[in-house]
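Dear colleague,

Please find below the structure that I am handing over to you. My notes on what was found in it follow directly after it.

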Amino acid sequence: MNSTLRIFRKDVRHLWPRIVLVGAIEVAVHLAASAPWLGIAGLQTGMGGIEALAQWFLIASAILEEPLVGDRQHWLTRPYSWKTLLAAKMLFFLVFIHLPVLAADGSALILRGLSPMGHLPGLAMAQFFTLERVLCGAALASMSASLVQFVWIGLAAFVGYVLTLEILSFRWGGIVVWGGVEWLHGAAMAAFWMLGAAAILAVQYVTRRAELSRQILAAGVLAMTLMMWMPGWHAAFALQSRLGPRRVADSVVRIEVDPERALETGPLNMSYRGREPQDAVEVPVRIAGIPPGMGAQSDRVAATGVTPDGGAWTAAWDSINRLTHVIGDRSGNREERVLPGDGAYWLYVNVDQSLQSPERTLPGRIRANVALTLLSAEEITPLHAGGRPTRVPQGGLCWVSGKQSLNVTCSWPAPMPGYAVVRILSNGTPAGFDIPLLSALEYGSVSYGPCSNAGGLWQRAAIGGTRPEPSEIVLVTRRVVAHFERGVDIYRAGGWPLQ
Amino acid sequence: MMRTLRIFRKDARRLWPGALVYIAVMALAATRSPMNRNFSNYSVWGEILLQLLAPLACWFLAVTLIHEERLIGDEQYWLTRPYSWKDLVAAKALFLVVFVNAPLFLCQFAAVAAAGLSPWEWLSALLWRQVFFSIFFIMPAVALGAVTRNLGQVVLTGVVILTAGQALSGNQFPDWGGFDWIRDCGAALVMAVGTAAAVVLQYTRRRTALARGMVAGTLVLAAATAYAPVWGGAFAIQKLFFPGRLGGLPHLSFDESRAGVHPMSYGRFSSDPDGVRLEIPLRVDNVLPGARLGADWTSVGIDGPNGAWRSGWLNFHAFHGLSHGEAWLTVYVDPGFYEKNQDTPVRLYGKVDFMLYERARTMTATEYGKVVVPGAGLCMFGRRYRVSQAHSAGETRQVEVLQNTVECYSPWRELAFATDRDDETLHDAPYAPFPTTSAFQALDLAGSWAVDADTPSQAFYRPVASAQPVFEARGLRMREFRMP
């Protein structure tokens with residue numbers, strides 16, 4: 001233990017200017033993320049990358065105090081073991097990376113009038129993702145002879161990663177993003193990275209076989225790229241349902257086919273869904289059992305059915321499959337995935353293009369499973385327009401800026417609302433005009449977990465536009481109540497025409 | 001020369017792995033044409049990575065190259081070698097040209113050819129991009145390498161600079177509109193002179209403290225130039241490149257016949273200044289048939305019995321609605337001045353910076369797809385759903401509308417685009433006589449337009465002359481011109 005502390009003290013003496021700089025950046029970034037009214041928007045948006053670079057620089061500097069690559073490792077002749085050395089480095093990272101991040105996040109919560117004890121899961125997850133960064137940086141440094149080599153190996157790994165992504169995306173399309181449960185996807189990848197990094201550190205500190213470590217890195221980069229397309233959304237949603245916040249009875253939200261409505265009145269199969277439209281089935285459904293005032297958010301839908309020749313077809317858990325609330329007429333409509341109460345909606349299911357049906361009609365029996373998130377009643381908070389921050393539900397703060405323009409920036413500690421829009425109430429539009437701020441769509445910003453989708457405690461969201469005059473601006477939020485699934489048997493005598 | 005080549009070969013032997021990583025990044029950047037952008041999240045993320053990777057690879061290569069023969073400290077072995085600082089500097093410059101500039105140029109050249117454009121037609125634009133790339137990417141890294149002892153110092157300095165830059169980026173640049181290229185050139189000039197002076201000082205005298213001060217001063221001055229407010233003198237520079245021509249230039253006058261009339265509709269933009277809004281009717285004469293006017297900065301003054309008010313040079317969509325010689329000028333007057341002088345006769349005068357455009361190309365899109373338009377680049381005609389706001393029965397809602405779209409990609413935005421149905425002004429049209437971008441990608445989005453589905457033809461316009469006509473009106477009463 002004494003040797004560990006001696007090495008630790010030596011590292012602190014050598015590296016204190018870097019420690020001070022990196023610590024200042026960490027504190028500034030985490031405090032700025034919680035304080036949108038500071039007006040240092042740049043510090044809030046782009047500093048994540050700079051913080052990561054600064055932390056990696058400090059991590060590499062500490063590891064390279066006793067380099068593990070080369071034939072002049074002076075520390076091998078000293079009276080301490082590799083375990084002592086590794087323990088000293090880990091202590092260094094604990095004190096100068098983890099603790100400042102924890103202290104800054106905790107202070108930011110206290111400054112906002114929130115209890116850190118109430119956000120322990122979020123603080124813990126932020127530390128988990130910080131540990132991923134620490135271990136990866138340390139592993140990379142352990143296989144480098146110098147800071148220059150560290151940079152080049154890191155860049156080469158990055159280039160390899162992007163190249164592999166590029167090649168695979170030609171074959172498999174865009175990477176898979178898990179919407180509100182993306183934090184579980186990120187956590188799985190972080191755990192994988194940490195395992196790989198721990199293996200590299202073990203190899204380097206025990207045997208110093210840099211070539212083997214570099215091979216592990218190359219394999220890890222490849223595996224990590226493949227994980228961008230990893231399946232498992234449904235398992236993640238099931239886990240999220242168990243985690244809560246709450247469970248709901250089976251009587252809450254019931255879905256059944258609405259045979260009264262003609263298929264021709266359904267939404268057009270429009271291209272504005274982020275992807276090219278494919279063959280699809282659109283089913284009129286009726287939903288009952290949504291508690292008064294609450295809403296239900298459609299996350300994803302999966303379906304199975306039979307083909308005209310007796311085979312089976314499946315629509316996987318994909319964000320393009322969903323329940324939609326169609327607003328407006330058929331020619332100029334808009335779809336929303338938040339169902340504001342009991343009523344008539346449409347169930348959209350994309351059918352695999354490999355399914356060739358010359359009749360353009362699928363047999364009438366389909367089984368669909370719908371993943372839903374129950375949202376609370378709307379909470380409406382008028383936003384101060386004079387540059388003062390406004391407290392909003394769930395520990396959030398919003399800040400309105402701009403004179404002719406309208407800029408609204410909000411930040412929440414996780415867990416954040418499941419839905420948030422900025423509503424502009426002006427003389428010409430008494431019903432209000434909504435601008436989405438937080439959304440749980442595939443590429444949206446809502447995380448259902450105890451941390452943001454990027455792994456931090458804080459989630460920032462901003463919108464900009466032209467301000468109609470005169471106008472009142474309010475923030476409309478809904479809390480996440482529960483996640484659950486509902487099955488529905490769909491039948492139509494004449495079959496389902498493909499749209 | 002032999003010594004220079006020897007040092008160059010030694011650097012190449014030692015730094016080839018780094019150069020290889022940089023060239024791989026360049027190749028990756030070349031494949032990521034903005035035309036291939038799609039809705040997948042990966043593309044956006046990959047572009048962000050490239051924006052980080054490409055500069056990092058370039059900077060580290062340049063810094064490690066300079067650190068091969070360190071300039072700081074008392075153990076500079078190279079001082080005892082039989083070559084001069086000139087040989088050393090020449091060898092470093094040769095390395096940078098061969099391993100940094102040349103790969104980038106070749107990647108950009110290949111990317112332009114792969115897009116179906118003739119790289120030879122765009123050769124001068126590609127070379128200009130190399131000039132600005134060298135000034136904004138290579139020179140600062142070389143200067144940083146010359147005033148630091150090791151990579152640790154470079155990273156520390158870089159983190160401080162990036163943090164300051166990021167904090168500044170939260171603020172908005174004052175918009176110079178079409179004159180942006182002049183400000184870019186000013187920043188480039190400061191950067192080139194300052195960094196070159198610091199590097200020469202280090203190689204000749206190795207006076208590190210002074211050189212560090214020069215690098216810091218250069219960065220501050222370049223940032224100050226990049227954030228400079230609108231400067232009226234920019235027009236004189238613009239005029240040097242686009243002088244007047246035979247046939248005369250447009251001139252402006254107050255249109256008394258429309259006094260008290262207001263434009264039918266004209267919305268407010270987020271860039272509009274504060275104040276009481278007046279709409280002044282103007283008459284524009286001496287514009288050749290078929291030509292278009294691009295309006296940029298405006299400066300207005302009002303002298304009244306109870307004081308005087310000056311707007312200073314402002315850049316917003318002040319000049320608008322030009323049709324058959326009639327136009328409108330939006331003026332936002334200080335509310336206090338307006339209150340004191342609204343009902344008394346005042347003298348209003350001002351200037352507008354114009355660019356005159358001639359029609360260079362006309363094209364009719366008979367079918368959708370990619371079309372090479374000489375001078376404009378690769379244009380893609382297509383149809384796209386666009387979310388629009390619809391107002392009906394007191395309610396505003398979002399609807400999706402189908403529109404024809406035109407997107408042009410090129411190494412330099414030389415031409416402006418307009419349809420036959422547009423009014424006679426061009427907004428946000430290009431002014432620059434050469435490209436000032438320093439980006440890694442070869443092709444930029446030169447313009448994106450949504451046009452009516454049944455618009456028959458589109459035209460491209462080339463800037464030919466700049467003008468700054470003045471106008472004056474006496475005896476106005478501001479209340480008559482105030483927008484309700």
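Which elements of chain A cover the buried residues of α9(A)? Before the reply, a word on conventions. This is a predicted model, in which local features need pLDDT of at least 70 and side-chain atom pairs count only at pLDDT 80 or more, while totals for chains, interfaces and linings use all residues. Residues are numbered from 1 along each chain as its sequence is written, and chains are lettered from A and ligands numbered from 1 in the order in which they are written.

**Helix α9 of chain A**

The cover of the buried residues of α9(A) includes α7 (182–206), β3 (295–306), β4 (312–318), β10 (365–375) and β19 (480–491) of chain A. Helices (H or I, at least four residues) and strands (E, at least two) are DSSP runs, numbered from the N terminus. A residue is buried if 20 or more other C-beta atoms lie within 10 Å of its own, exposed if 12 or fewer, and partly exposed in between, with C-beta atoms placed from the backbone.

Helix α9 of chain A spans residues 233–243, and its buried residues are Trp233(A), Ala236(A), Phe237(A) and Gln240(A). They fall within an arc of 100 degrees seen down the helix axis, so they line one face of α9(A); the arc is that of the directions from the helix axis to the C-beta atoms. On the face turned away from this buried side are the exposed residues Ala235(A) and Arg242(A). Gly244(A), with a positive phi near 105 degrees, follows the helix.

**Backbone features of chain A**

Val253(A) lies in the loop between α9 and β1 (254–257) of chain A. Although Val253(A) is not a glycine, its phi is positive, about 65 degrees. Val253(A) is buried because 23 other C-beta atoms lie within 10 Å.

Gln394(A), in the loop between β12 (390–392) and β13 (396–401) of chain A, is not a glycine either and has a positive phi of about 65 degrees. With 17 C-beta neighbours inside 10 Å, Gln394(A) counts as partly exposed.

A cis peptide bond, with omega about 0 degrees, joins Ala414(A) and Pro415(A). Pro415(A) belongs to the loop between β14 (405–413) and β15 (419–426) of chain A.

**Chain B and its domains**

Chain B contains nine helices and 15 strands, and 37% of its 484 residues count as buried. It is divided into domain 1 (2–229), domain 2 (238–359 + 467–481) and domain 3 (361–461), with bounds that come from an automatic or database domain assignment.

Between domains 2 and 3 of chain B, 16 residues of domain 2 are in contact with 13 residues of domain 3; contact requires C-beta atoms, placed from the backbone, within 7 Å of each other. On the domain 2 side, β5(B) gives the largest share, five residues.

**Tyr461 of chain B**

Tyr461(B) sits in strand β14 (residues 458–467) of chain B. Is Tyr461(B) buried or exposed? Tyr461(B) counts as buried because it has 23 C-beta neighbours inside 10 Å. Leaving aside neighbours within four places in sequence, its contacts include Arg292(B), Tyr357(B), Leu415(B) and Leu426(B). Phe417(B) is 44 residues from Tyr461(B) in sequence, yet their C-alpha atoms are 6.1 Å apart.

Yours sincerely

Notes: Two residues are in contact if their C-beta atoms, placed from the backbone, lie within 7 Å.
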